[in-house]
Amino acid sequence: MSQQERFCFIGAGSMAEAILCGLLHSSHTPAENIHLINRQSKERLWHLQKCYNVVIPEDKEQAVTNADTVVFAVKPKDIPQALQLWRPSIHKGQKVISVAAGISTSFFEQHLPEIPVIRAMPNTSGTIGRSATAICGGTHATPEDLEAARDVFSAIGSVVQVEEKDMDTVTGLSGSGPAYIYYLAEALEQAGVTAGLTHQVARHLTLQTLLGAAHMLLETGEDPAELRRKVTSPGGTTMAGINTLANHGFHKALIEAVHSAKQRSEELAHHFTDTP
């Protein structure tokens, strides 16, 4: 990715902030090369400008036109309106990246003929450079376009390339995944507190346990089921806890959570017709 590549973000929510924060912290892109446009909240724009010194353009159309890469980071329901508003300012020679869940590259291409479109699903851990991002390319996206997109998202974590048919599953797994982990952490903390620990101690033990387990998976390369078996002695304390989780459908609940989020991503796409 060129040091001088210019970005224009359409949308200034948490995902846009995660990406721009990663780009800046990795020193891949200077702040003056990042322009932000947000349809509603001026306060949000001012906040991001104050925090990151990015540009809030007075001439929004020119900011879109001058960008090398236009990033659509609005809610899925707002994509049609955003495309209608900004497509006159988008031209050949630019790339478009979308992080809107459930919106296909073909939908963008109907509004933006011949423009390379890359669909991406990062997660908000990109704020600290730890996102798990999947990308796929539309009809006009070249290998070079995909490599450029990979460079963008490598600035905020790890990147894999998948077929577009798998993007809804990615959304359900890693896109929504941080929330599942936070929900688990919330429950573990609460369990510690209700069993007599202070909140501070319960949080410390919970976070270090999650961190240590993640590193065990990464550094040993072992299957999660095998690592679980190694710490689950027959008749021991861990087995008592695992049996309780199993009796309450923990494993099944997580699988169904991913499937439900995937299904919702698919439903979002069905709200959009093939007519520009």
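The centres of domain 1 and domain 2, taken over C-alpha atoms, lie 34 Å apart. Domain 1 covers 7-168 and domain 2 covers 176-261, with bounds from an automatic or database domain assignment. This is a predicted model, where local features need pLDDT of at least 70, side-chain atom pairs count only at pLDDT 80 or more, and totals for chains, interfaces and linings use all residues. Residues are numbered from 1 along each chain as its sequence is written, and side-chain values use heavy atoms, leaving out hydrogens and water.

| Item | Value |
|---|---|
| Helix 7 | residues 167-175 |
| Helix 8 | residues 177-194 |
| Angle between helix 7 and helix 8 | about 30° |
| Distance between the axes of helix 7 and helix 8 | 5 Å |

Helix 7 and helix 8 are therefore roughly parallel (angles under 35 degrees). Helix 7 contributes G172, L173, S174 and G175 to the contact, and helix 8 contributes G177, P178 and Y180 (contact means heavy atoms within 4.5 Å). By class, this contact has 3 nonpolar, 4 polar and no charged residues; Gly counts as polar, while Leu, Pro and Tyr count as nonpolar.

Now for the rings. There are 2 aromatic pairs in the structure (ring centres within 6.5 Å). One of them joins F72 and F108, whose ring centres are 5.4 Å apart with planes at 70°, so the pair is edge-to-face (planes over 60 degrees apart). F72 sits in strand 3 (residues 69-72) and F108 in helix 5 (residues 105-111), so this pair links distant parts of the chain, 36 residues apart. Both F72 and F108 are buried (under 20% relative accessible area, with a 1.4 Å probe and protein chains only).

Key: Axes are lines fitted to C-alpha atoms, for helices over the stretch in contact, and angles run from 0 to 180 degrees between N-to-C directions. Helices (H or I, at least four residues) and strands (E, at least two) are DSSP runs, numbered from the N terminus. Angles under 35 degrees count as roughly parallel, over 145 as roughly antiparallel, 65 to 115 as roughly perpendicular and the rest as oblique. Rings of Phe, Tyr and Trp (its six-membered ring) pair if their centres lie within 6.5 Å; planes under 30 degrees apart count as stacked, over 60 as edge-to-face and the rest as tilted. Buried means under 20% relative accessible area, exposed over 50%, partly exposed in between (1.4 Å probe, protein chains only).
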